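Subject: Structure for your review

Dear colleague,

Please find below the structure I am handing over to you.

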Amino acid sequence: PPTTFAGPSPVWHPFTQHALAPEPPVVVRGRGAWLQTAEGGRILDAISSWWVITHGHCHPRIVAAIRDQAGELDQVIFAGHTHPAAEALGRRLVAMTPPGLDHVFFSDSGSTSVEVALKMAAGFWRNGGTARSRILALEHGYHGDTIGTMSAGERGVYNAAYAPFLFDVTRLPFPEAGREDTTLAALEAACRAAPAALVLEPLVLGAGGMRMYAPWVLKEMAAICARHGVLLIADEVMTGFGRTGTLFACAQAGVVPDILCLSKGLTGGALPLAATLCRRDIFDAHYSTDRARTFFHSSSFTANPVACAAALANLDIWAEEDVAGRVAALGALQEERIAPFRDDARFSGARRLGTIAALDLVVADAGYLAGIGPRLSAFFRERGLLVRPLGNTIYVMPPYCTSAGDLDLVYAAIAAAADLGTA
Ligand code: PMP
């Protein structure tokens with residue numbers, strides 16, 4: 001193990017993913033918005049375990065579907081085979097997404113859903129005989145941690161670490177409120193060079209600091225792409241399945257992307273699964289007797305039957321329970337609680353979209369590697385709250401079943417944490 005550490009509580013642990021993390025709590029059980037540790041402690045999951053859990057941990061219908069499917073068919077190769085859960089899920093995804101998104105490509109994580117989208121765009125242009133290869137992306141965007149998706153994303157210190165391996169993209173300025181025209185002009189200019197695709201997170205840039213932008217900007221960006229024949233890839237890995245108040249964020253802008261990436265909430269967060277939906281002609285561009293035109297992507301666990309069954313149960317919950325009502329109620333509770341922070345000088349911003357609320361703490365050192373993020377995380381952890389700020393941005397993105405009382409616990413801690421800022 002390393003012998004020197006810059007971070008807090010420097011305990012090396014063999015299983016943790018982050019070298020600077022303190023000894024991690026051992027979580028043995030999850031119910032609704034709560035986790036339970038091996039020592040019997042309780043942790044309120046205020047970030048839905050990295051934005052995946054939508055209906056709460058261990059929703060009984062999802063658990064039952066997983067059990068049933070696991071006893072019937074656990075896994076089957078999806079190359080040249082199919083199975084009822086994938087067939088049903090594919091059909092339902094096509095039916096519930098905007099018309100035109102007729103092809104579903106399954107994979108197993110948010111990163112692969114976007115990686116697949118980038119490869120679809122590349123193959124579409126290559127097979128069509130047009131040399132379009134450049135990708136456009138938004139400043140502060142995040143699309144995953146593979147080499148391709150890191151290239152499309154922009155996380156200063158992360159990307160710098162792997163810079164020699166990343167490919168070059170054209171980065172558009174984030175459409176800050178009041179400066180949207182700069183973004184639109186940059187997009188218009190970039191489109192004149194006939195790029196392959198624009199990849200973006202609609203309405204909220206998650207890992208880039210829960211930065212939000214207006215639906216009309218998304219609509220304009222989509223219109224510019226359409227005018228220039230540039231494919232629009234919407235990464236709804238985080239925003240999908242209700243997070244922003246509607247089933248998909250693109251709907252708020254009346255935008256139908258050419259390629260749509262889904263993961264996280266697709267299974268209600270219970271199991272890893274992803275789907276990349278696209279226009280039929282984009283995928284059909286890969287069907288040919290010429291094998292070199294094939295869509296070259298497959299992974300062992302593509303369309304895993306148990307994950308597909310969990311996703312079907314998630315869609316049943318959406319169809320049969322009042323999830324939209326729960327999402328609206330949680331949004332209203334979040335709004336009530338962030339409102340007072342808009343007048344709090346310790347915060348420079350407080351914003352919300354749907355179930356996502358974010359507050360920017362005023363700090364002297366705001367960078368991603370600055371000490372404030374780990375300090376805040378530790379502060380919340382000590383209070384039994386799972387809240388992991390992005391630098392100085394504290395956000396709350398809980399499961400839709402979270403109660404008003406549970407949210408009060410989170411916001412009381414945020415108010416107390418504010419003194420860690422400039423203090
Ligand atoms: N895209 C977005 C918008 C995300 O928020 C994430 C995950 N935070 C990903 C892609 C990558 O998903 P995964 O971690 O499942 O690979």
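Leu 138 has Leu 172, in strand β6, as its bridge partner. Please bear in mind throughout that this is a predicted model. The pairing around these residues involves strand β5 (residues 135–138), which runs parallel to β6 and is joined to it by 3 bridges. Helix α7 (residues 180–191) packs on the sheet here, where it touches both β5 and β6. The direction of helix α7 makes about 155° with that of β6.

The sheet as a whole is open and consists of 7 strands, in the order β4-β12-β11-β10-β7-β5-β6, with mixed pairing. Its edges are β4 (101–107) and β6 (170–172); each has a single partner strand, so one side of each is left without a neighbour in the sheet. From one strand to the next, the twist averages 20°.

I turn next to the ligand. The shell around the ligand comprises 14 residues, of which Ser 109, Gly 110, Ser 111, Val 237 and Met 238 come nearest. Helix α4 (residues 110–127) contributes the largest share of this shell, namely 3 residues. By class, the shell is made up of 7 polar, 5 nonpolar and 2 charged residues.

The database record may be set beside this. The unreviewed UniProt entry carries the annotation "binding site" for Gly 110, Ser 111, Asp 235, Ser 299 and Ser 300. These positions are spread over 191 residues of sequence and are also spread in space, with up to 22.7 Å between C-alpha atoms. Of the annotated residues, Gly 110 and Ser 111 are also among those that come nearest to the ligand. Ser 111 is found in helix α4.

Finally, there is the division into domains. The protein is divided into domain 1, covering 60–320, and domain 2, covering 322–420. Taken over C-alpha atoms, the centres of domain 1 and domain 2 are separated by 27 Å. Their contact takes 14 residues from domain 1 and 16 residues from domain 2. On the side of domain 1 that touches domain 2, α6 (156–161) and α10 (305–320) each supply at least two residues. The residues on this side of domain 1 divide into 8 nonpolar, 5 polar and 1 charged.

With kind regards

How values were computed:
Residues are numbered from 1 along each chain as its sequence is written. This is a predicted model: local features need pLDDT of at least 70, side-chain atom pairs count only at pLDDT 80 or more; totals for chains, interfaces and linings use all residues. A residue is near a molecule or strand if its C-beta atom, placed from the backbone, lies within 6 Å of it. Helices (H or I, at least four residues) and strands (E, at least two) are DSSP runs, numbered from the N terminus. Ala, Val, Leu, Ile, Met, Phe, Trp, Tyr, Cys and Pro count as nonpolar, Asp, Glu, Lys and Arg as charged, and the others, Gly among them, as polar. Two strands pair if DSSP finds at least two bridges between them. Axes are lines fitted to C-alpha atoms, for helices over the stretch in contact, and angles run from 0 to 180 degrees between N-to-C directions. Two residues are in contact if their C-beta atoms, placed from the backbone, lie within 7 Å. Domain bounds come from an automatic or database domain assignment. UniProt positions are given in the numbering used here, feature names are shortened, and annotations may be inferred rather than shown by experiment.
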